[in-house]
Amino acid sequence: MLGMALAALDSTILATAIPQIVGDLGGFAVFSWLFSGYLLAVTVTLPVYGKLSDTFGRKTVLITGIVLFLVGSLACAGAWNMASLIAFRVVQGLGGGALQGTVQTIAADLYPMKERPKIQARLSSVWATSAVAGPALGGLLAAYADWRWIFLVNVPVGAVALWLIVRHFSEEERSRPAPGARPRVDWPGALAIFACGGLLLTALVQGGVAWAWLSTPSLLLFAGSAACAALTVLIERRAAEPIIPGWVWRRRTISAVNLALGALGLLMVAPTVFLPTYAQSVLGLSPTAAGFVLSVMTLSWPVSAALSSHVYNRLGIRTCAMLGIGAAGLVLLAFPLLPYPGAAWQPALIMLALGATLGLFQLPLIIGVQSSVGYTERGTATASILFCRQVGQSLGAALFGALANATLNDRLAHAPSGIRPGLPDDLDAVSRALEHPGDLTAQATDYLRRAVDTTVDHVYLGAAAAAGLALLALLLAPRRFPVHTDTGGTGTGTGTNEGEPGGT
């Protein structure tokens, strides 16, 4: 949990200190890469660390991840300009990729199937606590100390986590290579995955922001990622121990869950990216209050996840997940029905319900996949579903960003002629203008608030469509998930073949 806290806090503590960082180091035009660079490094390393944890054991990979994260944190605290800070954030991301996947895998190794919902809920509570405490802590450190302490606070947490893991975490003999055996690592495949993921995610993150979607940089990046994807397939087919083995996509259980969690990544863009804009621009809340409206989702999610075993033990994992994502789609469809301008408790109630439904969806699927494979495949399987969710989130940011800009541009183009001159021309500019409504007429302010309201409504409709895609993906999964004999579960499955009897 302490190891997971490093990655969880890092994702929430930094945003509130961006004004101080930019004021000290400059680089306003590229500061978004503080987040994008970290996301790129985490995403492209997830499958590599998953395979390495299956080959060399979880402890080695987890210790390596914590050390890399701490080295990156210390380097970030000593950054002398924005370029160096971005580079050191990438180093942090290289460690964060090991933390996210390996901790989830260890939870499945240590606990039998019936106990995993409780353990995974505790891990989820780390993210919930970070979602609430991270922005507040980041704001306090930036205001009353120095933004560099945002990175230095990782050191004591990481040091304690490292000491506990080195001293108390021991792996079974099955995690170690046989005497005289020399583990083989598919380094060409790893490099190809780095290149493919890096080019694709850069295109998705920067497209429509740093350059137009149909511009030369975007087209070159997409073409390069396609070429690297083809090269990756060729390398992985010939590799003795591929980083992403073919069975990840040949087994219906894993491939269906990968697609479903990729759709979850799409869906999550609506609340995490656009809800704070809605809360501030439409409801007129402060950034802190807007963050609270979003954070209530992280309060109900772990509670629902902890209770999900009572549902899937009776109905099965696939049915439980389908109920959760179906209910999530209905909750998302309810968002456009909120009155204008409404009160803060209304979107907060919707986020509370959304967290409860997604707790029934995500955790059973992760447990189902982890329980369907043996120890030597669990790291790869876990990393694959986390990787698909991260890619889905990047794709969702691009798609919903384009949808939001198209909707807003249409509303601005049809603004009354009396207020059209001088209106801002994109979502960020509109949000900034609504932070200082005194610079606008009352009619222009109301029109812009309604335009943002319509824009976010359309994004939530898109998120409901993503929930529908997840539901369709689950129809590809077997009705009963197979249970491997070494999972400690109660199913009668004897292997990973999906035609075998038994399962959950």
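E377 lies in helix α16 and R251 in the loop between α11 and α12, 126 residues apart. Helices here are DSSP runs of H or I with at least four residues, strands are runs of E with at least two, and both are numbered from the N terminus.

Before continuing, a word on the basis of these values. The model is predicted, and local features need pLDDT of at least 70, side-chain atom pairs count only at pLDDT 80 or more, and totals for chains, interfaces and linings use all residues. Residues are numbered from 1 along each chain as its sequence is written, and side-chain values use heavy atoms, with hydrogens and water left out.

A search of the whole structure finds 8 salt bridges. Which residues does R58 join in a network of salt bridges? The network links R58 with D54, D109 and R378. Between R58 and D109 the closest N and O atoms are 2.6 Å apart; this pair connects helix α4 (residues 58-77) to helix α5 (residues 82-110), across 51 residues. R378 also meets D109 in a salt bridge, at 2.6 Å from N to O. In that case the partners, in helices α16 and α5, are 269 residues apart. R378 is buried, since its relative accessible area is 0%, and D109 counts as buried at 17%.

I turn to the nonpolar interior. A nonpolar core is a set of buried Ala, Val, Leu, Ile, Met, Phe, Trp, Tyr and Cys residues joined through side-chain atoms within 4.5 Å. The largest has 77 residues, of which L267, I325, L358, F361 and L365 touch the most other members. Elements giving two or more residues to this core include α12 (252-281), α15 (345-371) and α18 (442-474). Leaving aside residues up to four places away in sequence, L267 touches I325, L332, L358, A463, A466 and A467, contact meaning heavy atoms within 4.5 Å.

Next, the aromatic residues. The structure holds 4 aromatic pairs; rings of Phe, Tyr and Trp (its six-membered ring) pair if their centres lie within 6.5 Å, and planes under 30 degrees apart count as stacked, over 60 as edge-to-face and the rest as tilted. The W80 and F88 pair is edge-to-face, because the ring centres are 5.8 Å apart and the planes stand at 75°. W80 counts as exposed, at 60% relative accessibility. F335 and Y460, by contrast, are stacked, at 3.9 Å centre to centre and 10° between the planes. This pair links the loop between α14 and α15, which holds F335, to helix α18, which holds Y460, 125 residues apart. Is F335 buried or exposed? F335 is buried, with a relative accessible area of 1%, and Y460 counts as buried at 0%.

Most peptide bonds are trans. The bond joining Y340 and P341 is cis, with omega about -5°.

Technical notes
Buried < 20%, exposed > 50% of the residue type's maximum accessible area, 1.4 Å probe, protein only. Salt bridge = Lys/Arg side-chain N within 4 Å of Asp/Glu carboxyl O.
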